[in-house]
Each structure stands twice: as structure tokens, then as C-alpha cells.
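Student: I have a protein chain to look at and would like to go through it step by step. Where do we begin?

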Amino acid sequence: MRPPKGRLELTWMGKDMALIPTAHGKYDYEWVDPADPRACEIKSIEVVDTVGEPAGPNGAEENLLIIGDSGDALRSLSTVPEWAAKYRGKVKLVYIDPPFNTEQTFEHYADQLEHSIWLTMMRDRIRDIKPLLHEDASVWVHLDDSEVHRMRVVLDEELGAEHFVATIVWEKSPGSKGDAGIAVNHDYILIYARNEPAWKKLRNRIPRSARQAGRYANPDNDPRGPWRQGADGTAKSGNDDLRFEVTTPSGRVVTPPKGNYWRFSKQTLETARAEGRVWFGKKGDALPVIKTYLSEIAEGVVPGTWWPNHEVGSNQEAKRDHLRKLFPDIEPFSTPKPERLLQRILQIGSNLGDLVLDAFAGSGTTAAVAQKMGRRWVTIELSTDNVERYTLPRLRKVVENADPWGITSSTERVPVSVLPDGVSAQEAQQFTTMLTKLTDGEALPVDFAREITKAVRDLASSERSPISQEEAKTLLALLRKVAGSDVRVEVDVMPQVRAQLREKAKTRNETTILWEGGGGFTVARVGPSMYEVDDDSEVYLSAAATNGAWSKAVAGQLKFTLTPDHPVFCGVRNRQRLAVIDGVVDETIVRTVVEHLHEKEKAVVVGKGVLPEAEALLAELSPGSRIRKAPGDLFGKATVR
Ligand SMILES: C[S@@+](CC[C@H](N)C(=O)[O-])C[C@H]1O[C@@H](n2cnc3c(N)ncnc32)[C@H](O)[C@@H]1O
């Protein structure tokens, strides 16, 4: 009998419930019924500032830093018409680095939510992210061992197990901690694609590492550019057709060593030779190699899952080598990620001008990297303190070209000429540094007779030997007599050896400037909740939402008489009641307004945002009542920007 088919699902206490953030800028949540208006309400997003260039490529119109809870912000971005037009279905890449639930209290945020709260919070954020995703989008979720196993199941459930792409293992720290049983040196980044075939088309290869590219050089100034010299042109397997004779430019006739075969046919070698693509060594005397040109192989390499810190940076690089330099007078943000890590992610999953989202901004690494790489971005941070201390000043510095660190420039060690096979530019540099440390003048004892004997034997057996084998024998016999027992001499070989080795391992630094400032961004804040709860758990429209200072100003503008004690309406004019909503007018608000109208009364509802469903509902429940959007409908200007 086959077991019944079913979905694998993770359950937890409160999975069917909803969470609301308990207070603005505080990291805590409260369980509520999913139908609670505070859980479904759409809050306004209010622009508070713009930084840098207002328009143009990567200007303030393109990029958005939102202060507030990510759930609130994400829902508004996909629902409020003005924002939805720009963001719904438009995000190409999401990277989130939420608190890992490590049960620590970091300096700049607490990280100790009970598992079920953490899972519900994350599940809901993923649900809120989904409507924003473009067809070829990918979602990258950065975690550690605390929750990665549970989150993988939740992500399977929310995004579809079939859309799982891979888990990246990032080597976050090079060293080990002294007191740990086993030192954990890595984090995980789970990747999901909204639609794998579409995403695969977008997915970019990553540039060859310096080590990989270092194998290509151009010692003979080949106009086709750098090329790679393999070990030689022979292989251990083949057939007799691949053992033909080849005459080198120096005139020597060579065949593959015993038991080996050419890697190429006679015809292929002849064609390559006619095209000048064959390398016979510097003296034109070595076994032939057909060159592989860097320009002819696929650009870049397919990304793998192991990301060592020498390629993408470490925690320490982000904190000590970047944020501490950017803000020398304050304690750096607790858990910033290195810009090189985000550079790699954005390189793979987005292109110039694409929209990138990070719903847990922290110090703003994703936005900073996106700006430097010419991507558009939205980032959300709950803590006003974090935004004021880190996120905002950092992004300001990026725009003003006052952040020379991170990926602003990169310096690579590159070979000056072709390096010996298997030696990277870094290794060559390490080699010459250590060689330099060796002092000159240290005479080494050399067994003179033995060295000469070896050299004479080698020379005599080579085809270039000026003396015959017989003459060599005689020479060696005489050498023993002439040198006698006094065969050891002290020789200072270092200067000569060093010069020769250095010549073989020459490298230099090559610096590329990626970013020179420019562009801008908008700063916005999630508006307050429209609702309050009384002691009997009754939810009602809050006084701040309906009768605050702004409501009074609007009532004056529209010439309504103030009714400050009314729970919903702030003004009256003949049979018209005025409700000014300091946020987004949704269906719950419309129902509340209509419930409070007396017979024959009509409502004028003014809101900072209006959902289309709310307008339709008001027309149905109270024909003749109207909704106006502020400030556009009041002053003839656009609402949000
Ligand atoms: C691990 S840090 C992110 C670090 C960031 N990747 C960086 O490189 O600086 C997590 C951030 O998420 C913020 N956060 C926590 N809960 C949030 C929520 N509900 N909405 C928005 N941000 C939140 C925390 O305040 C903290 O700054």
C-alpha cells in the first residue's frame, strides 16, 4: 500500500494567527486575529526627505529608504495605487538579512524572539514580498544555524519547493573561536526563484577570479590578447595518428614523449600554426601548445555554492575595514555584511537599472551596493535609531562620493607576464615578498664537483651538446683528478637566483574605480496605525488618525465646522460630514464612516492614500458620498510625490 500523498509542512503555535508590531521603532510583536483591522490595514508611506539628485538615472525618484516595519511597508508598496504602479511585480532581486533569532541582544537590535513569533513574522514578510516580485525575480534569505532548517521548510511552503535554487555557504570569518566546541565559520543564503526558467535567463555568470584569470597572459604580444598555456600539448591517451613528428621554429624535430600523444591532429596543428596560435616556448624550441584565448572562452564562470571570504569578504571586512572607517567616532553597526558579498549577489541576480529590495536594511549595505552598481533600490528599516546613526548617513556618503571603501574601487594583483603553470598572481606576490626577506651575502656551501658532474651529464645527453658522450666521460674523469678532495666551495648564490626567480613571478596592482558618487534617494516613513483597541478589545478608529492637527487644517481648508468630540468625523457642513484620515482609506474605514452617518447625511472622506476597493464600496453603501485624496485633490498636486 502506498502512503497517502500530502505536503510536508512545519507547524507551530499561532501559525494561523497574525502579528502586529507592538510599537513604532520597537522590535516586538503582538498576536492578533488575522481579521483584526490592525493586521490587514494598509498604512500610508509618507515622504519626509530627498537626498542627492532628485531625478535622472539613479536619482531620488528611483530609490527609497523607508523607516518602519517591513510588513507594513511591503503591503503598502504593493497596494496603495501610487506605490503599486512603481513596485508591484517590478522587483528583480530580494535580499533579506533578518535578525537570525540567535537569542542575543545586539547593540543595535534585539534578536531573541520566540521561534513561533519569528517564523510567523518571516512567513508574513515573504507573503508580503510575493506580490512585488517580477517574473524573473530571485529571493535570497541570509540566515545561520539558528533558524535555517525551519525557514527552508517555510520558504518551500510559501514560494514552492520546486522554486528552490541553491543554498550558498558564505565563509563569514576566517579564524576560529578559542572556546567553541566547533567554530562555526559560515552563514547560509537560501535562494528561491519566482520562476526558475525565467530566472535562469536573467542569471549572470560571475567574473573569473584573479587566480583563474591569472592563468592567462600575453608574453608574445599576441593581437588576440591574453592566452593560456597548458602544461604541454600532449596527453596520456590517444592513437598512433597522434604521434606525428613536428619541427619546431628552432629546427628541432619533436614527437610526444614515450606513451604520450599530441592533443591535436596534424591538420588542427597546421591550421593553428598558420594562424600563429601555436606556442613553442620563449626560444621556439619546446613542445607545441595550441593557445586558448581568454576572449574566446565563455565570459565569466557559473557561480557555485561555496563563497570563501577571500572572494566576497568577511564580517570583519564589513565592520573593521569599512564601517569603522566610514564612521570613526561611533561604535560600528553590530552585524553589517561586506559589500563584496552583496556585489556578488547583485551581479548574479540583477542587471543595470533593475530594482533590488532589502526589507531588513540594518546599516544599508544592500542599498549602498545597489547604488554603486547602478541598480534601483528599496530598503526598509524598523529602527529609527539605526536609520539615523547608520543607514541614512551611509547612503548619503555613497551619493556624495564620500565612501571610498567597500566596492567603490577594487585592486587586483595581476601577472606582468605569463606565470609558471599553477601559480596564481597572489601566490607569485607572496613568493617574491618572502624571497625579498632573505638577506644577501649568505654564502652557501656547494659541492662543486657534484654539481658540475650533473650539469655535464645533462648537457651531454641533450641534442644541443657541443661534446660527445665519450668526451664527457673523459672530462668527468679529469675533473675528479683536477678538483681532488677540495670540492666544497662557499658561494653566495642568492642575488642571481633571486633575480631570476623574481623575473618569473612578476606581478603588479591594477586598481579599478567602480563608483564616483551621484544619484540620490527618497526617505519615507510608514504612517501611524488608524486603529486603537480599548480595554474590552474593541478596535476603533484612533483619535490621532481622524482628529489630529492635520484633520483640523483640512477641515479649515474645506470650510467645515470642527466637531472635535466626534469619534470619526472632524467637521460638519450642512448635511455633509468630513472624515479626514491620516493614512490610507481602506474598506474597513469606509464601513466605519458609513455606520456613523445619520439618515440623509453624506460623507466627504479625505485620506493620504485611497484603495480603489474603498471608493467602490463607498459609492455602493452611500451614493453621493465622496473620497478625496490629499493633497492632490485638495490642491491639485500628486498625492505621494
Ligand atoms: C541583521 S540586521 C541587517 C544587516 C544588514 N544586512 C547590513 O549589512 O547592515 C537586521 C536588521 O533588521 C532590522 N529589523 C528587524 N525587524 C524588522 C522589521 N520588522 N522591519 C524592518 N526592519 C527590521 C533590525 O533593526 C536590524 O537593523
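Tutor: We begin with a definition: the radius of gyration is taken over C-alpha atoms, and the globule rule is 2.2 Å times the number of residues to the power 0.38. Keep in mind that this is a predicted model.

Student: What radius of gyration does the protein chain have, beside that of a compact globule of 641 residues?

Tutor: For a compact globule of 641 residues, the rule gives a radius of gyration near 26 Å. The C-alpha atoms of the protein chain fill a box of roughly 130 × 60 × 55 Å along the principal axes. The radius of gyration of the protein chain is 35 Å.

Student: How many helices and strands does the protein chain have?

Tutor: Helices and strands are counted here as DSSP runs, numbered from the N terminus. The protein chain comes to 22 helices and 34 strands.

Student: What share of the contacts join residues at least 24 apart?

Tutor: A contact means heavy atoms within 4.5 Å. The contacts considered are those in the protein chain between residues at least 6 apart in sequence. The share of these that join residues at least 24 apart is 70%.

Student: What percentage of the residues in the protein chain are buried?

Tutor: A residue counts as buried when its relative accessible area is under 20%. The accessible surface of the protein chain comes to about 32600 Å², and 51% of that surface belongs to carbon and sulfur atoms. Of the 641 residues, the buried ones make up 47%.

Student: How far apart are the mean positions of the positive and negative charges?

Tutor: The protein chain has 85 positive and 92 negative charges.

Student: Is C570 buried or exposed?

Tutor: A search of the whole structure finds zero disulfides. C40 has a relative accessible area of 40%, so C40 is partly exposed. C570 has a relative accessible area of 0%, so C570 is buried.

Student: Which residues does A524 touch?

Tutor: A524 lies in strand β27, residues 520-526. Its relative accessible area is 0%, so A524 is buried. L323 is 201 residues from A524 in sequence, and their C-alpha atoms are 24 Å apart in space. Leaving out residues up to four places away in sequence, A524 touches I45, E46, V47, V48, L64, L65, I66 and I67.

Student: Why does N58 count as buried?

Tutor: N58 lies in the loop between β3 (45-52) and β4 (64-67). Its phi is near 60°, a positive value in a residue other than glycine. The cut-off for buried is under 20% relative accessible area. N58 counts as buried because its relative accessibility is 13%.

Student: Is K600 buried or exposed?

Tutor: K600 is not a glycine, yet K600 has a positive phi of about 70°. K600 lies in the loop between α20 (587-595) and β33 (602-610). A residue is exposed when its relative accessible area is over 50%. K600 is at 59% relative accessibility, so K600 counts as exposed.

Student: Which residues does Q429 touch?

Tutor: Q429 is found in helix α14, residues 425-437. With a relative accessible area of 31%, Q429 is partly exposed. I380 is 49 residues from Q429 along the chain, and their C-alpha atoms are separated by 43 Å. Not counting residues up to four places away in sequence, Q429 touches R413 and T507.

How values were computed: Residues are numbered from 1 along each chain as its sequence is written. This is a predicted model: local features need pLDDT of at least 70, side-chain atom pairs count only at pLDDT 80 or more; totals for chains, interfaces and linings use all residues. Side-chain values use heavy atoms; hydrogens and water are left out. Helices (H or I, at least four residues) and strands (E, at least two) are DSSP runs, numbered from the N terminus. Buried means under 20% relative accessible area, exposed over 50%, partly exposed in between (1.4 Å probe, protein chains only). Accessible areas come from the Shrake-Rupley method with a 1.4 Å probe; for residues, only the protein chains shown count as cover. Lys and Arg count as positive and Asp and Glu as negative; His and the chain ends are not counted. The place of a charge is taken as NZ of Lys, CZ of Arg, CG of Asp or CD of Glu. A disulfide is a pair of cysteine sulfur atoms within 2.5 Å.
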